[in-house]
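This briefing is intended for a reader who has the sequence and the model at hand. Please consult both while reading the points below.

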There are 2 protein chains.
Amino acid sequence: MATTQPAAVDRPATIHDIAALCGVAASTVSRALSTPDRVNIRTRQRIEAAAARLHYTPNSQAKALSSGRTGAVGVLVPDITNPFYFDLIRGTQLQLKAAGYTQLLVDTEESDEVEASTVEQLRKSADGIIVAASRLSDEALLNAAAKMPLVAINRDVAGVPAVLIDTPSGTSQALDHLISLGHTRVAYVAGPTTSQSSERRWTALSLAAEERGVEVRRLGPFAPKTQSGAAAADAVVHSGVTACLAFNDLIAIGMLQRLRERGIRVPQDMSIVGCDDIFGADFCNPPLSTMASPIEQAGRVAVSMLLAQLNPFAGGGTRSRSVMPTHLTVRGSTGPVRQPG
Amino acid sequence: MATTQPAAVDRPATIHDIAALCGVAASTVSRALSTPDRVNIRTRQRIEAAAARLHYTPNSQAKALSSGRTGAVGVLVPDITNPFYFDLIRGTQLQLKAAGYTQLLVDTEESDEVEASTVEQLRKSADGIIVAASRLSDEALLNAAAKMPLVAINRDVAGVPAVLIDTPSGTSQALDHLISLGHTRVAYVAGPTTSQSSERRWTALSLAAEERGVEVRRLGPFAPKTQSGAAAADAVVHSGVTACLAFNDLIAIGMLQRLRERGIRVPQDMSIVGCDDIFGADFCNPPLSTMASPIEQAGRVAVSMLLAQLNPFAGGGTRSRSVMPTHLTVRGSTGPVRQPG
DNA sequence: GCCTGAATGACAACCGGTTGCCGACTTCTA
DNA sequence: TAGAAGTCGGCAACCGGTTGTCATTCAGGC
């Protein structure tokens, strides 16, 4: 059967096949498909019919090569398996797809070198990139942003368009919450020293604490993984505080486990506030009070900002900075301070 | 400073730039870089030096267009935010990167149509694809596999290379575990009807139950999300069983929450076994007994099988099927049956 | 009936590589 | 020293589109 078909070898159809079928030049086919106004409506309809008949799909490589636009956007995250990024990735994916772009997702393995080389490579194979929690130095990031359209997420560098999640201001909410429960000695369980948001959060927190006349101390740094939770828990207990803010939910969840092993009750003996409201924060034991942020939305916003850079027409004034609010979600891991004595 | 540089407009260097710099033809540069034996060692070294000086990086689009190889592999998952896929994705990513390939990750949104169109598109822009938990019909999948190198994960279709996770045999372990705890009435909380593994698991389970003389009943189907857990929990309670196997951990975790709301204790009043051992299964409340499988390894194996298809040399006999074992991990969600009366 | 201009479509160069083919130069052999 | 064999590098076509330029056609205006 199949062999009796006239034209179709089972190779994807090209514009040349369509051109031959319609008796026009390949360039006409190209125009009919990309700038329909440039071609007579009758010709165009013939071409469209032929394209449909041949199941024509444009070759994105060729398109990219000749037009310089790849239709792809790189999304760089430090660690795919960190649940924090799930919703972010989903947000970017949905928004990119809606705009007809392909998402190139890369795990940079928490490494600035991998990140740098990925950026360099993507410079040719993507139209722009979105970098979450970049490990690059300020100048390296600025440099990258100068070379190609780029939006950073959770990284604040002058001159680099960014979507920021305003956890610093969330920390004062969290602190107020703890104060309202009677806590006066609070620890901050810091994330990696390379994390800008950890730094900014600490700054905001210590400032807020000073204003309110409570004591905060900083512990760490700890890697943002559940495995670090044990060490963090021990450090917190040893420090003598009654409550703590963890850099993120992974650490907080790890702490929960360690504290249970040690027979320290949460929240009776220790209150814990996490950050990010990741998958799992609502069903761990006890459920985690945490600073929730609209991560998926952050992803979408980042995409919109990038697309605005890519085609400056299409309205939508090009914001170069967007701050997502954070709010405290109180669950079971925070409670009144234990009355001494 | 930068403006005083002679050649470099700030455009990525091409082989033509190198050729001009070395006084050779572009084709020679191409050969020096891709088939080094084909070119004199002295010429080659000059070219390599020039390439380094110019920070030359090959343009992958152009490479793909002319050679037909893209250096990319598509990885399709039904839902990126399902934690089950995290480790899978990480496994494929690591293995692909090690082999010098780029991973194109796509979320097919649980839709066979999206999946089909993605496959069609990837046919040109990737050298091969890995499809996890395909929603395609058997014939569609077979057809896709005929058109391009493809490896399926968790999908068993004759003629389609696959990595299978042997949960069916895991179910009898789980059943034995429950029987050893005294349970005789057990429910299977089924996943989507489109899921082949749900079907196979049910088949294996009902067979094992018959052999052992215990009663199993099937409930569902339920969507593989925590949100479905509530309905599943209610159905299980209503069915009068004392233990159940859930299609996956997401449903099981959702059930845990619902049961707690209803004041039904796990495991005293109801034992639950999940499947997949996803992120969160170890810290939910109570920690979930579950069928654990080496998902990351499954991803790696899938990549190896695909690469074996791509370059049939390089040894490593092309297996077309690989089965990953499953084992039961017992945690807190299963316990002795409650003595009636 | 001629001129102007818009509409239309063909031609060809180009994007950045790869690769088949061939000629020139070396080197080895007889 | 001539001829054969092998090395090495250049030419040019090609991958599948895009796009600037230009010739042709046709309609309308005078």
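Which element provides the largest share of the surface near DNA strand D? That share, six residues, comes from α2(A). The model is a predicted one, in which local features need pLDDT of at least 70, side-chain atom pairs count only at pLDDT 80 or more, and totals for chains, interfaces and linings use all residues. Residues are numbered from 1 along each chain as its sequence is written, while chains are lettered from A and ligands numbered from 1 in the order in which they are written.

**Surfaces near the DNA strands**

- DNA strand D is surrounded by 24 residues, and the closest are Ser27(A), Ser66(A), Ser27(B), Thr28(B) and Ser66(B). A residue is near a strand if its C-beta atom, placed from the backbone, lies within 6 Å of it.
- Two or more residues of this surface come from each of α2 (26–34) and α4 (60–67) of chain A and α2 (26–34) and α4 (60–67) of chain B. Helices (H or I, at least four residues) and strands (E, at least two) are DSSP runs, numbered from the N terminus.
- The surface near DNA strand D comprises 10 nonpolar, 12 polar and two charged residues. In this classification Ala, Val, Leu, Ile, Met, Phe, Trp, Tyr, Cys and Pro count as nonpolar, Asp, Glu, Lys and Arg as charged, and the others, Gly among them, as polar.
- DNA strand C is likewise surrounded by 24 residues, with Ala25(A), Ser27(A), Ser27(B), Ala62(B) and Ser66(B) the closest.
- For DNA strand C, the elements giving two or more residues are α2 and α4 of chain A and α2 and α4 of chain B; α2(B) gives the most, with six residues.

**Contact between the chains**

- Chain A and chain B each bring 33 residues to the contact. Two residues are in contact if their C-beta atoms, placed from the backbone, lie within 7 Å.
- On the side of chain A that touches chain B, at least two residues come from each of α4, α5 (84–98), β2 (102–107), α6 (112–125) and α11 (249–261).
- That side of chain A divides into 15 nonpolar, 12 polar and six charged residues.

**Nonpolar cores**

- The largest nonpolar core has 176 residues, and those with the most contacts inside it include Ile130(A), Val189(A) and Ala246(A). Such a core is a set of buried Ala, Val, Leu, Ile, Met, Phe, Trp, Tyr and Cys residues joined through C-beta atoms within 7 Å.
- Another core, of eight residues, lies apart from the largest one, and among its members are Ile15(B), Val29(B), Ala32(B) and Ala51(B).

**Helix α5 of chain B**

- Helix α5 (residues 84–98) of chain B has 15 residues and reaches 23 Å from its first C-alpha to its last, close to the 21 Å expected at 1.5 Å a residue. The expected span is 1.5 Å times one less than the number of residues.
- α5(B) is mostly covered, with 11 of its 15 residues buried. A residue is buried if 20 or more other C-beta atoms lie within 10 Å of its own, exposed if 12 or fewer, and partly exposed in between; C-beta atoms are placed from the backbone.
- The cover over these buried residues includes β2 of chain A.

**Backbone features**

- A cis peptide bond joins Gly220(A) and Pro221(A), with omega about 10 degrees; Pro221(A) is in the loop between β7 (215–219) and α10 (229–239) of chain A.
- The bond from Gly220(B) to Pro221(B) is also cis, with omega near 10 degrees.
- His55(B), a residue other than glycine, has a positive phi near 55 degrees. His55(B) counts as exposed because it has 10 C-beta neighbours inside 10 Å.
- Asp277(B) also has a positive phi near 55 degrees, but this residue is buried, with 26 other C-beta atoms within 10 Å.
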